[in-house]
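This report describes how the parts of one protein model meet, and then turns to a single residue. The sequence and structure are shown first.

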Amino acid sequence: MSLVIGLTGGIGSGKTTVANLFAAKHIDIIDADIVAREVVEPGSTGLQAIVEKLGSDILLTDGSLNRSKLREAIFSDSQLKEWLNQLLHPMIREKMQQDIAAAQSPYCLLVVPLMVENNLQAMTDRLLVVDVDEAIQVARTQQRDNVPTAQVRRILASQASREQRLAAADDIICNNGNGDNLEQQVTKLHLEYLALSRQQNNTPQC
Ligand code: ADP
């Protein structure tokens with residue numbers, strides 16, 4: 001079993017950018033957002049349960065889940081949202097565990113945007129937080145998503161605070177600088193994680 005490094009950070013902090021830099025070093029990436037889509041793929045038990053609950057109107061013509069319709073439905077119905085979370089969260093956790101078990105690189109990265117909010121650090125051996133000053137975070141998110149400042153600020157307010165995330169961190173990447181600076185921090189951590197994974201593999205086990 002690979003060493004599991006959790007990667008998290010607020011919206012627009014640079015998680016995807018950081019994960020891509022680790023992937024370029026041939027590290028396996030398990031991304032919670034991708035897993036969340038996989039558990040409701042056509043033919044999945046997740047999608048089947050949603051159709052049983054909401055009817056086939058929740059599907060697009062190609063048989064895939066109509067995500068915006070589902071988002072609308074849960075926005076106005078907190079019980080439905082709770083039902084959906086209870087259905088999908090265990091499925092997502094189980095699939096992430098399977099992907100971790102199948103990882104081939106010396107350590108793997110588990111990218112979970114809401115890691116601290118959903119208390120998923122227990123699935124990891126170490127937590128790496130991407131930290132960034134709020135003004136830079138808002139500006140980068142706005143530029144990437146082409147959305148108004150107020151919308152970005154609303155999302156920020158709904159997520160864990162910078163302090164809460166940092167309190168849970170074992171390692172921190174500061175993403176206030178440029179791409180070169182980010183790459184240097186990733187390379188340094190990569191070497192540390194390789195050393196840790198060697199240590200883990202040398203530890204006698206029963
Ligand atoms: P997240 O996955 O945490 O939401 P992203 O990795 O998508 O964040 O980064 C948010 C935006 O900021 C993207 O457009 C990305 O290209 C840009 N970005 C990330 N890091 C830097 C950096 N160091 N310098 C400039 N732009 C950056």
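How many residue pairs are in polar contact between domain 1 and domain 2, with both residues at pLDDT 80 or more? The count is 0 residue pairs, a polar contact being a pair of N or O atoms within 3.5 Å; within protein, one must be able to donate a hydrogen and the other to accept it, and residues adjacent in sequence count only if both atoms are side-chain atoms.

The model is predicted: local features need pLDDT of at least 70, side-chain atom pairs count only at pLDDT 80 or more, and totals for chains, interfaces and linings use all residues. Residues are numbered from 1 along each chain as its sequence is written, and side-chain values use heavy atoms, with hydrogens and water left out.

Domain bounds come from an automatic or database domain assignment. The interface is summarised below.

| Item | Value |
|---|---|
| Domain 1 | residues 1-27 + 105-200 |
| Domain 2 | residues 35-104 |
| Separation of domain centres (C-alpha atoms) | 25 Å |
| Area buried between domain 1 and domain 2 | about 760 Å² |

Buried area is the accessible area (1.4 Å probe) that two parts lose on being put together, summed over both. Carbon and sulfur atoms give 78% of the area between the domains. Met1, Ser105 and Met123 supply 53% of the area that domain 1 buries against domain 2, more than any other three residues.

The side chain of Thr8 reaches the backbone oxygen of Val112 at 2.7 Å.
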